[in-house]
2 protein chains.
Amino acid sequence: MDELPTAGSGEDQLIARYFRPLARHPGAFGLEDDAAVLVPPPGFDLVLKTDAIIAGVHFFADDPPDSVGCKALRVNLSDLAAKGAKPSGFLLSLALPAEAGTSWLASFADGLGMDADRYDCPLLGGDTDRTPGPLVVSIAAVGVVPSGAMVRRSGAKPGDAVFVSGTIGDAALGLKLRRDPMLARQLRRQARDHLAARYLRPEPRVELAPALLLHASAAMDVSDGLAGDLAKLCRASRASAEVDIERVPFSDATREVMAIDTRASDVALTGGDDYEVLCTVSPERIDAFKTAAADAGVPLTQIGCIVAGERSPAFRDGAGRARVFATASFSHF
Amino acid sequence: MDELPTAGSGEDQLIARYFRPLARHPGAFGLEDDAAVLVPPPGFDLVLKTDAIIAGVHFFADDPPDSVGCKALRVNLSDLAAKGAKPSGFLLSLALPAEAGTSWLASFADGLGMDADRYDCPLLGGDTDRTPGPLVVSIAAVGVVPSGAMVRRSGAKPGDAVFVSGTIGDAALGLKLRRDPMLARQLRRQARDHLAARYLRPEPRVELAPALLLHASAAMDVSDGLAGDLAKLCRASRASAEVDIERVPFSDATREVMAIDTRASDVALTGGDDYEVLCTVSPERIDAFKTAAADAGVPLTQIGCIVAGERSPAFRDGAGRARVFATASFSHF
């Protein structure tokens, strides 16, 4: 941690103390300039993404501040990963309420800095304001892909296999448990902790990016619920999909909730915050993709396939009946 | 304006209706993907900047929404211009309270889109959330400069001339008048309107960027007050400055306020939101810089010069006395 500068406004001192240590990219100029410089390597495109998280909307105001720092960056890294991009750095725009004092900031910057190191994604620049409202962390993340290689939402073709990474629904159930302590008390502690952690700290599938670049025909991250996000991918690809619900990967903890609450399955399939990768792969590339994902240590499950037609994807149960969801995905509007 | 899509969530429809028309950059993929692609031309660096504006902090919640859209982009374009960068595009992160309905959004998008066209700075991507708090518009703007040519804060040398563009203090006095109707009523209508407009819609000095690239030794935009921002430039350059207050360019409207309120001069010199350019130029380049600025149609005034030493810049009155400001610049902290 740098020393406090001997001059400058409170804002300058705050930036120097908490954020300069995260700004290791040479183009960040130690946050001492008004803007950052970034030069993509020859033959690479930049991939840009912005996503904000708001207290009381995307996280709880009393969540550990280091987790808030992690989540703010990771929701963006998840998008970059799904596009096949390697992180380059990020811009941070922070609206802080009065109650977020120095200990909050120190912990927030710790979490953010840990992830900036872990994912090799340094802070490039930022903006810090006071707000009379809830805390807002808005991050714009930048990554690189080989020229023209960004994995689009729109490339899925009939016959392609539909894959998801990891497990689906944990975070949405983690959120449900925080709002429903009665339900939470019926679970084993291990299951509760697992689901809570998945909501609090998503794990972006950064390691899967190279395999997606090589093999995926389309990809996106699952942030607003599997059913709705697959519908978005299908719309962008002018196609539809058939999904076998029995093949959707659920964690043991999620299955434990499902055994108690019959509505949990719908929450898992349509709830947000998974930050897993949803992708499609043409049949001749499936084996190579599976091998590349296994080498990267990312669990993958084929849950269905792309079919022709512009209707909504069908999620079928064991008897072949299509499940109808009340709301296919999370929307703020 | 596009038609409403026939499918998709409320959020998708909102994005399609109000923001897709602004996303003319091919790398924005019509906002139908999760991320944007940007490729700087060979021999150019990208310059990145983020700045947010918050209702009740940087603008009034009842300001015309198109002005809010303009201001959100312009405060970022002002930074790019001061760095010598040409705008490439921007990411938009929007936290909307419930009371910002479709008519608010339509007007906001109008203002933003008008400026995206005017400054050739298309929307690349974005994120839209509901917030229980005040409206927050966070923009990350991207521009380009020839490799290694970004104009830094840190290049000022003793003997360099200190210039500012336009006039100083108008926006800070415009804000003061909105908070002090008694004072406002003492002014002619023309002066009131001028100062109000300068607060509501800053004019980024985009046309000055090429002249800065060629001739400035250091530059930044004046967003937190001339006195404080010059102190920042001097700190970054490990130098100091002497400013002649009588040479600081004030508008007729600002002089009208000064004639009524003796504290107005301090407000003008230390208040925020000017969005003019502050820069330094070595003596042998002064003539060429003035010519280039005149060709670009940007008024410029030499207000002082850089001197050796690491003390705060001195702002001297007609008698040579250094003015002591209570607060040299705006700080949120």
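# Reading the interface and the helix packing

Mentor: Across the interface of chain B and chain A, the rule finds 8 salt bridges, a salt bridge being a side-chain nitrogen of Lys or Arg within 4 Å of a carboxyl oxygen of Asp or Glu. This is a predicted model, in which local features need pLDDT of at least 70, side-chain atom pairs count only at pLDDT 80 or more, and totals for chains, interfaces and linings use all residues. Residues are numbered from 1 along each chain as its sequence is written, chains are lettered from A and ligands numbered from 1 in the order in which they are written, and side-chain values use heavy atoms, with hydrogens and water left out.

Trainee: Which side chains meet in a salt bridge with an N to O distance of 3.0 Å?

Mentor: Side chains of opposite charge can pair when their charged atoms come close. Here Asp34(B) and Lys83(A) form such a salt bridge, at 3.0 Å from N to O. Over all chains, the structure holds 56 salt bridges.

Trainee: How much area do chain B and chain A bury between them?

Mentor: The size of an interface is often given as the accessible area lost when the parts come together. Chain B and chain A bury about 5,200 Å², with 59% of it on carbon and sulfur atoms; this buried area is the accessible area (1.4 Å probe) that two parts lose on being put together, summed over both. The contact (heavy atoms within 4.5 Å) takes 62 residues from chain B and 62 residues from chain A.

Trainee: At what angle do the axes of helix α2 and helix α3 of chain A cross?

Mentor: Two packed helices are described by the angle between their axes and the distance between the axes. Helices (H or I, at least four residues) are DSSP runs, numbered from the N terminus. Axes are lines fitted to C-alpha atoms, for helices over the stretch in contact, and angles run from 0 to 180 degrees between N-to-C directions. In chain A, the axes of α2 (residues 65–82) and α3 (residues 102–118) cross at roughly 40° and come within 6 Å. α2(A) and α3(A) are therefore oblique to each other, since angles under 35 degrees count as roughly parallel, over 145 as roughly antiparallel, 65 to 115 as roughly perpendicular and the rest as oblique.

Trainee: Which salt bridge joins Arg74(A) to a partner side chain?

Mentor: Arg74(A) meets Asp115(A) in a salt bridge of 2.5 Å, N to O. The pair links distant parts of the chain, 41 residues apart, with Arg74(A) in helix α2 and Asp115(A) in helix α3 of chain A.

Trainee: How are α6(A) and α9(A) oriented to each other?

Mentor: Helix α6 (residues 189–200) and helix α9 (residues 252–260) of chain A pack at about 110°, their axes 9 Å apart. They are therefore roughly perpendicular to each other. Ala191(A), His194(A) and Leu195(A) of α6(A) make the contact with Ala253(A), Thr254(A), Glu256(A) and Val257(A) of α9(A).

How values were computed. Helix = DSSP H or I, 4+ residues; strand = E, 2+ residues; numbered from the N terminus.
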